[in-house]
Amino acid sequence: MKFRAGIGQDSHRFLPDGANKKCIIAGLVFEDAPGMDADSDGDVVFHAICNAITSLTHVPILGRIAIDLCHKQGITDSRVYLEKALATLDGQKIEHIALTIEGKRPKFQKRSEEIRQNVAEVVKLELDQVGITFTSGDGLTSFGKGEGLMCYAVVTTFQ
């Protein structure tokens, strides 16, 4: 059995408070923050997982496929991008996904199980195969100051 690990990162700034765009994180709507400044829904969790898969497959999901889906077909739902990324794994099976989100807002802790469950559902994993941590970084970065969000993802696969 061959194990591999891919790492991905994504970050976006928030739109101004009061913007009409919803804040989407791991496919879930968070009402206590504005949407992300991005062409798509700006879902940093799904984008980071896409980038981790790209580091394993070398297929530029966000750098090419998602751009075409967004700009040519009007598809802004990052779940679609993640599904495209999963299709490139070519026999590799995901064993575990580890996520770290840095940001002052929205408040994630109370919805951590819901986030894990939604990621597990989309990627077709069991709940215990998805781990997540949150940090504000003690306000040392723009994310910790509430200006945006950043997510790191590590995807472990086997074949």
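Student: In helix α3 (residues 78–86), by about how many helical turns are Glu83 and Arg79 separated?

Tutor: Glu83 and Arg79 are four residues apart in α3, so about one helical turn separates them. Helices here are DSSP runs of H or I with at least four residues, strands are runs of E with at least two, and both are numbered from the N terminus. Before we go on, this is a predicted model, where local features need pLDDT of at least 70 and side-chain atom pairs count only at pLDDT 80 or more, while totals for chains, interfaces and linings use all residues. Residues are numbered from 1 along each chain as its sequence is written, and side-chain values use heavy atoms, with hydrogens and water left out.

Student: What joins the side chains of Glu83 and Arg79?

Tutor: Side chains of opposite charge can pair when their charged atoms come close. A salt bridge is defined as a side-chain nitrogen of Lys or Arg within 4 Å of a carboxyl oxygen of Asp or Glu. Glu83 and Arg79 meet in one, at 3.2 Å from N to O.

Student: How many salt bridges does that rule give?

Tutor: The count is six. Another of them joins Glu147 to Arg13, with the closest N and O atoms 3.4 Å apart. Glu147 is in the loop between β5 (130–135) and β6, and Arg13 is in strand β1 (residues 3–13), so this pair ties together parts that are 134 residues apart in sequence.

Student: Which residue does Asp17 pair with?

Tutor: Asp17 forms a salt bridge with Arg105, at 2.9 Å from N to O. Asp17 sits in the loop between β1 and β2 (22–25), and Arg105 in the loop between β4 (93–102) and α4 (112–123), so the two tie together parts that are 88 residues apart in sequence.

Student: Is Asp17 buried or exposed?

Tutor: To read such labels, take buried as under 20% relative accessible area, exposed as over 50%, and partly exposed as in between (1.4 Å probe, protein chains only). Asp17 is exposed, at 61%, and Arg105 is partly exposed, at 24%. Phe143, in the loop between β5 and β6, counts as buried at 15% relative accessibility.

Student: How many residues of helix α1 are buried?

Tutor: Twelve of the 14 residues of α1 are buried, which leaves the helix mostly covered. Among them are Phe46, Ile49 and Leu56.

Student: What span does α1 reach?

Tutor: The expected span of a helix is 1.5 Å times one less than its number of residues. Helix α1 (residues 44–57) reaches 20 Å from its first C-alpha to its last, close to the 20 Å expected. Just after α1, His58 takes a positive phi of about 70°.

Student: Which residues make the nonpolar surface patch?

Tutor: Such a patch takes residues with over 30% relative accessible area and no salt bridge; like charges are joined within 9 Å, and nonpolar side chains (Val, Leu, Ile, Met, Phe, Trp, Tyr) within 5 Å. Accessible areas come from the Shrake-Rupley method with a 1.4 Å probe, and for residues only the protein chains shown count as cover. Here Ile7, Tyr152 and Val154 make a patch of about 270 Å². Tyr152 belongs to strand β6 (residues 148–158) and is partly exposed, at 41% relative accessibility.

Student: How much of the chain over residues 3–156 is helix, and how much is strand?

Tutor: Over residues 3–156 the chain is 31% helix and 31% strand, with the end C-alpha atoms 7 Å apart.
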